[in-house]
Amino acid sequence: MRTATTLKVLLVSFAFLATSSLFASPVATWAAIADKGENKGKVTSHIRVYTYKNKKGEERIGGKVVKLITNPDATCSADCPGSRANKSVLNMTIMWGFKKTGDNQWEGKILDPEDGSIYNCIVRREGSLLK
């Protein structure tokens, strides 16, 4: 597993879709904007970030792909872990286990479906952006 002190979710920056709230919570639907490749600067998907309870009953944050824009038939690479390999990215959980570690900051795991890598990840809410 690769680690990084800060990794942009799915190697992209998220722009906030909802217009009514700038609360510190990351719970919302976010537009993923590519920061590399042929789609650089374009919205490529929408990610729904939500709360859930883990097996110990502790609140955590997760994220699921709810809309694919630039590649609606995208599948997780053959190197994706477990049952995710070669499956549709749509409705796939790609963020899990995020716990609050500071003001507007959460740490957890994130999957890059393009190559199957799982990263330790820190996300921060900065106004209308999740980085």
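Are cysteine 76 and cysteine 80 buried or exposed? Both cysteine 76 and cysteine 80 are buried, where buried means under 20% relative accessible area, exposed means over 50%, and partly exposed lies in between (1.4 Å probe, protein chains only). The two residues form a disulfide, with sulfur atoms 1.8 Å apart. A disulfide is a pair of cysteine sulfur atoms within 2.5 Å. By this rule the count is 1 disulfide. The angle about the S-S bond is -80°, and the link of cysteine 76 and cysteine 80 is left-handed. Cysteine 121 counts as buried because its relative accessibility is 2%.

The model is predicted; local features need pLDDT of at least 70, side-chain atom pairs count only at pLDDT 80 or more, and totals for chains, interfaces and linings use all residues. Residues are numbered from 1 along each chain as its sequence is written, and side-chain values use heavy atoms, with hydrogens and water left out.

The protein chain has 0 helices and 8 strands. Helices (H or I, at least four residues) and strands (E, at least two) are DSSP runs, numbered from the N terminus. From that end, the order of elements is β-β-β-β-β-β-β-β. The chain holds 131 residues, and 39% of them are buried. Among contacts with a separation of 6 or more, 42% join residues 24 or more positions apart. Contact means heavy atoms within 4.5 Å. The accessible surface of the protein chain comes to about 7,200 Å². Carbon and sulfur atoms supply 50% of this surface. Accessible areas come from the Shrake-Rupley method with a 1.4 Å probe; for residues, only the protein chains shown count as cover.

Strand pairing was examined next. Two strands pair if DSSP finds at least two bridges between them. S5 and S6 run antiparallel and are joined by 5 bridges. In one of these pairings, methionine 95 has isoleucine 110 of S6 as its bridge partner. S5 and S6 form a hairpin with 2 residues between them. S6 also runs antiparallel to strand S7 (residues 117-126), with 8 bridges. Here tryptophan 106 has valine 123 of S7 as its bridge partner. The hairpin of S6 and S7 has 4 residues between the strands. In that hairpin, glycine 116 takes a positive phi near 80°. S6 is mostly covered, as 6 of its 8 residues are buried.

Most residues other than glycine have a negative phi. Asparagine 86 has a positive phi, near 60°. This residue lies in the loop between strand S4 (59-68) and strand S5 (93-102). Asparagine 86 counts as exposed because its relative accessibility is 53%. Asparagine 104 also has a positive phi, near 55°. Its place is the loop between S5 and strand S6 (105-112). The relative accessible area of asparagine 104 is 27%, so this residue is partly exposed.

The interior was examined last. A nonpolar core is a set of buried Ala, Val, Leu, Ile, Met, Phe, Trp, Tyr and Cys residues joined through side-chain atoms within 4.5 Å. The largest such core has 24 residues. Those with the most contacts inside this core are Ile47, Val49, Ile94, Met95, Phe98 and Leu111. Two or more core residues come from each of strand S2 (28-34), strand S3 (43-53), S4, S5, S6 and S7. S7 gives the most, with 4 residues.
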